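Here is a brisk report on selected local features of one model. Read it alongside the sequence and the coordinates.

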Amino acid sequence: MNNSIFSFPIPANEPVKSYQPGSPERIALDAELKRQRETTIEIPLIIGGKAIKTGNLGKVVEPHNHKHVLATYHKAGEKEVKMAIDAAMKAHKIWGETDWRVRAAILLKAADLVAGKYRALINASCMLGQSKNIYQAEIDSACELIDFLRYNAAFASEIYAMQPKSAPGQLNSVEYRPLEGFVLAVTPFNFTSIASNLNMTPIMMGNTTLWKPSTTSILSNYYLMKVFMEAGVPAGVVNFLPGPGSVIGKVALSSPDLAGIHFTGSSSTFYGLWKTVGDNIAKYKSFPRLVGETGGKDFIFVHTSADAEAVANAAFCGAFEYQGQKCSAASRMYCPKSLWSKVLKGIQKRCSEVKMGDVIDSENFINAVIDEASFDNISKAIAYAKKSKDAEVVVGGKCDKRVGYFIEPTVIVTKDPHFKTMEEELFGPVLTVYVYDDKNIEKALEYCQTTSPYGLTGSVFGQDRLACDEISKKLRYCAGNFYINDKPTGAVVGLQPFGGSRASGTNDKAGSSFNLMRWVTTRAIKETLVSPTTWKYGYMKK
Ligand code: NAD
C-alpha cells in the first residue's frame with residue numbers, strides 16, 4: 001500500500017495557444033473541423049459505462065449553419081434516469097473509498113488528454129456545436145477545462161490537509177467523506193469547461209454524478225465523456241444523460257438518494273429545481289447540497305476620470321465576445337455625459353471592423369447565438385428598443401436567421417434607468433447604456449445597485465483610484481466578481497474564483513477550494529488515548 005503523504009502543487013495555468021496559420025495546433029484543428037463537419041455521429045446515453053440507445057432521437061445542428069446536422073442523440077426517459085441512479089449508487093461504494101490520490105491521478109490524466117491528444121477534437125466540437133471562434137473555444141474547452149481539472153487536485157490536497165489540533169491525551173482528525181448519495185450535475189450550453197467541472201469537482205471528492213448536459217452542447221459534452229472514460233473514470237461514476245430537463249429533473253429530484261445538485265444555467269431553472277427540492281425535502285436521506293451559478297445583468301460603471309478608449313474596448317469585448325453569451329458579459333453600462341460621445345465612437349469603430357459568420361472562417365470574430373429560441377428572444381428585445389420612445393439603437397440591431405442565428409453586436413441607449421434591457425438578463429450581444437449627468441453620479445450608483453436582481457460581475461473604470469475605491473464600496477454586493485479598469489469577463493481558474501450572489505446563485509466559487517468543500521460531509525473523530533474509568537469530578541470532594 002502506498003502510504004506516502006502526498007500533496008499536489010498549485011499548477012501553472014494552461015497556456016493559450018495562438019493558432020497562427022501554419023502552426024501545428026492550427027493544422028490539427030482544421031483537419032478535425034473538416035472531419036467533424038463531414039460526419040454525422042450518433043450519440044448514445046452512457047450509463048454504468050455502457051452505451052444505451054433509446055430510439056427517441058434529437059438533432060445537434062450548427063447554430064451558424066442550422067441546416068447542417070452534426071449528430072443525432074438519444075434522449076433519456078424515466079427508465080434510463082432510474083438506471084443511472086442505480087449505477088451511480090453502485091459506483092459510489094467503490095469510488096467513495098478509492099484513495100483520493102488515485103482519483104486525482106484520473107483527473108490529471110483527463111487534463112493531459114485534453115491538453116494533448118484530444119485538444120483539437122474537443123475544441124472543434126465546441127466551435128461547431130456551440131458556435132465559438134477558435135480563440136473562444138481554446139480559452140474554454142481547452143484551457144479553462146484543463147485548469148479546473150489540474151487545480152482540483154491541488155485544492156483537494158489543501159482540504160484533506162486541514163486538520164484540527166489535538167489536546168493532550170487525545171487524537172483528533174477530520175475525515176472528508178463524499179456526500180451520501182448521488183449528485184445531479186445540470187450543465188449549461190455556453191462553457192464546455194463548466195460542463196466538465198460540474199461533474200469532475202464532485203467526483204474529485206469521491207461522489208458520483210448523473211450528468212444532464214444542455215441539449216445545445218451535446219456534441220462537445222459527449223466527446224468529453226469519452227475522454228473521462230479513457231482517463232480512467234470508472235463505470236457509473238459519471239452517467240451521461242442527454243434528454244429533456246423536465247423528465248430527468250423530475251425523476252432525479254424525487255429520489256431519496258439525491259445528495260446534491262451542481263447547477264449552472266438560468267436563475268429561473270434553478271428556482272424551479274430548488275422549489276422541487278423544497279417540496280420533496282422530507283423524502284431525502286440528507287439535506288441535498290444546492291450549488292447553483294445562475295444569471296447576471298453585469299455592468300460597467302464609468303467614472304468621469306476614466307480613459308474613454310479603455311472603456312470602449314472593455315465594453316466591446318465584454319459585451320460582444322462569444323455573442324454576449326457569457327454569464328459575465330457586460331450588458332448594462334452607466335457612462336457620464338462628458339465621456340459618452342468618445343466611448344460610443346470607440347465602440348462603433350470596433351463594431352465596424354469585425355466580421356460575423358461561420359466559425360470555420362477565422363476572420364469572423366462574431367458567430368451565431370445558440371439556437372432559434374434565443375435568437376427570437378434577443379431580436380424581440382431589440383425590436384422593442386427600436387420602437388420605444390425611451391431608447392435608441394445606436395449600434396447594430398440587425399438580426400438574420402436564414403442560414404444561422406446571427407445578431408449584430410448592438411448598443412441601445414436609454415434615458416430610463418429602468419428600461420427593460422437595463423434590468424432583465426438578455427443572453428446575447430446587446431449592451432444597454434444609461435448616460436448620466438456628471439454631477440448625478442450618486443443617483444447613477446443607486447440605479448446600478450438597485451435596478452437589477454443579480455449580483456454576478458461588474459467593473460468600474462476611472463483613473464481616479466480613490467473614486468474607484470469609493471464606487472467599489474458602494475457596489476459591494478452588486479458583484480461576486482468585481483473588476484477595476486478591466487472588462488467584467490474572463491475570470492481564470494485559481495486567479496479569480498468565480499460566482500455571484502443575489503439572483504446570480506449561491507456564490508460557491510467555481511475554480512477555488514470553496515467549491516470542493518460543498519461536496520464533502522465531514523466526520524470529526526476524537527480518540528482518547530487512555531480512557532477514564534471514574535465518573536467523579538474534583539468539585540464533588542468534601
Ligand atoms: P438553462 O437554464 O436554460 O439550462 C441550463 C441547464 O438546465 C440545461 O442543461 C437545461 O437542459 C437544464 N434544464 C432546464 N430545465 C430543467 C429542469 N426543469 N430540470 C432539470 N434541468 C433543466 O440555461 P442555459 O441557456 O443553458 O445557459 C444560459 C444561462 O446560464 C444564463 O442565464 C447564464 O447567465 C447562466 N450561466 C451562469 C454562469 C455562472 O457562473 N453564473 C455560467 C454560465 C452560464
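Setting aside neighbours within four places in sequence, E144 contacts I139, F191, S193, A491 and V493. The model is a predicted one. E144 belongs to helix α5, which covers residues 134-161. Is E144 buried or exposed? E144 is buried: its relative accessible area is 16%, and the cut-off for buried is under 20%. A further pairing concerns P15. In sequence, P15 and E144 are 129 residues apart. In space, their C-alpha atoms are 9.9 Å apart.

**Helix pairs**

Two packed helices are described by the angle between their axes and by the distance between those axes. Two pairs are set out below.

| Helix pair | Axis distance | Crossing angle |
|---|---|---|
| α2 (residues 78-95) and α8 (residues 245-253) | within 9 Å | roughly 45° |
| α3 (residues 100-115) and α7 (residues 218-231) | 8 Å | about 125° |

Take α2 and α8. Their axes cross at roughly 45°, so the two helices are oblique to each other. The crossing of α2 and α8 is right-handed. On the α2 side, the contact is made by E78, V81, K82 and I85. On the α8 side, V247, I248, K250, V251 and A252 take part. Which classes do these residues fall into? The contact of α2 with α8 has 6 nonpolar residues and 3 charged ones. No polar residue takes part in it.

Now α3 and α7. The angle here is about 125°, and α3 and α7 are therefore oblique to each other. The cut-off for roughly antiparallel is over 145 degrees. The crossing of α3 past α7 is right-handed. From α3, the contact draws on I106, K109, A110, L113 and V114. From α7, it draws on L224, V227, E230 and A231. By class, the contact of α3 with α7 holds 7 nonpolar and 2 charged residues.

**Positive phi**

Two tyrosines come next. Y19 is not a glycine, yet its phi is positive, at about 55°. Y19 sits in the segment before α1 (24-38). With a relative accessibility of 5%, Y19 counts as buried.

Y322 also has a positive phi without being a glycine; the value is near 45°. Where does Y322 lie? Y322 is in the loop between α10 (308-320) and β13 (330-336). Its relative accessible area is 1%, and Y322 is therefore buried.

**Cysteines**

How many disulfides does the structure hold? The number of disulfides is 0. A disulfide is a covalent bond between the sulfur atoms of two cysteines. The cut-off for a disulfide is 2.5 Å between the sulfur atoms.

Is C327 buried or exposed? C327 is buried, with a relative accessible area of 15%. C399, in turn, is partly exposed, at 31% relative accessibility.

Terms used
Residues numbered from 1 in each chain as written. Predicted model: local features only at pLDDT ≥ 70, side-chain atom pairs only at ≥ 80, totals over all residues. Heavy atoms only, no water. Axes fitted to C-alpha atoms, helices over the stretch in contact; angles between N-to-C directions. Helix = DSSP H or I, 4+ residues; strand = E, 2+ residues; numbered from the N terminus. Parallel < 35°, antiparallel > 145°, perpendicular 65-115°, else oblique. Left-handed = near helix turned anticlockwise from the far one by under 90°. Contact = heavy atoms within 4.5 Å. Nonpolar A, V, L, I, M, F, W, Y, C, P; charged D, E, K, R; others polar. Buried < 20%, exposed > 50% of the residue type's maximum accessible area, 1.4 Å probe, protein only.
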